[in-house]
Amino acid sequence: MSNPSVSSSAESLGNPRFVLPPGTGQIKKAETSSAAEVELIEILARTKIAHCYQCGKCTAGCPVAEQMEMGPTKLIRFMQIGSVDKALRSNSIWQCVSCLTCSSRCPKEVDCAALMDALRELSLQQGKVSPQAQQIVTFQRAFLDNIRRNGRLNEFDLIARFKSEVAIGTRQLSFLFKDASLALQLRKRKKLHFGKKSSADLDVVARIFARCVEDES
Ligand code: SF4
Ligand code: SF4
């Protein structure tokens with residue numbers, strides 16, 4: 001059964017995943033509260049932020065915690081005290097590799113990995129991606145588009161698109177040739193293919209993408 005307070009929070013954040021009854025308008029971003037954002041993140045992640053008792057087991061097991069400015073424990077703490085914006089603007093959410101270690105270690109069954117997903121989704125939606133994470137977002141978009149068009153990964157196509165977008169966006173043409181020497185080694189190990197290969201099941205891939213869009217509307 002739908003929960004009206006949940007719907008209203010979702011609406012206030014303009015999340016297309018939660019479609020509200022016709023006639024209900026969008027509340028401006030400025031009117032959104034941290035509590036509504038926490039509620040929406042919990043809905044997206046299907047987990048309870050308040051259940052975390054800050055034991056630190058998630059961060060202790062996270063393979064990239066050392067590279068993060070703040071590990072999952074601290075990100076969750078910021079959400080608990082209402083500083084959701086800090087979590088949304090953090091570079092750490094983009095460094096997460098979705099390995100699920102944190103979720104499997106949590107004694108309180110908090111799904112930290114799902115929280116990371118939800119934070120990334122909202123961060124993108126609200127235009128709060130940290131400047132350092134822009135290249136990660138560009139790469140992920142190029143990767144998904146590559147799969148959508150080819151039905152499988154076409155390495156050369158992916159690298160060409162990613163590098164050209166970053167080079168144009170940052171106006172650093174040298175980025176185009178950065179790591180170019182690795183191409184030969186990758187080629188020798190048959191990890192880099194130049195020809196355009198497509199999956200025989202492009203229709204199936206198209207249906208998967210269409211289903212994802214449907215689920216978000
Ligand atoms: S392991 Fe669970 S309870 Fe412990 S800090 Fe992480 S999310 Fe919180
Ligand atoms: S899912 Fe992300 S935050 Fe969790 S342990 Fe893996 S890399 Fe760290």
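Predicted model: local features only at pLDDT ≥ 70, side-chain atom pairs only at ≥ 80, totals over all residues.

Tutor: First, the setting. Of its 217 residues, 23% count as buried. Among contacts with a separation of 6 or more, 61% join residues 24 or more positions apart.

Now for the pair itself. Two packed helices are described by the angle between their axes and the distance between the axes. Helix H9 covers residues 134-150 and helix H10 covers residues 155-170. Their axes come within 9 Å and cross at roughly 145°, and the crossing of H9 past H10 is right-handed.

Who's touching whom? On the H9 side you'll find Gln135, Thr138, Phe139, Ala142, Phe143, Asn146 and Asn150. Facing them from H10 are Asp157, Leu158, Arg161, Phe162, Glu165 and Val166.

For contrast, have a peek at the surroundings of ligand 2. Its shell holds 15 residues, and the closest are Cys62, Cys96, Cys99, Cys102 and Ala113. By class, there are 12 nonpolar and three polar residues around ligand 2, with no charged ones. Helix H7 (101-105) and helix H8 (112-125) each supply at least two residues of that shell, and H8 gives the most, with three.

Note on methods: Residues numbered from 1 in each chain as written. Chains lettered and ligands numbered in written order. Near = placed C-beta within 6 Å. Helix = DSSP H or I, 4+ residues; strand = E, 2+ residues; numbered from the N terminus. Nonpolar A, V, L, I, M, F, W, Y, C, P; charged D, E, K, R; others polar. Axes fitted to C-alpha atoms, helices over the stretch in contact; angles between N-to-C directions. Left-handed = near helix turned anticlockwise from the far one by under 90°. Contact = placed C-beta atoms within 7 Å. Buried ≥ 20, exposed ≤ 12 C-beta atoms within 10 Å, placed from the backbone.
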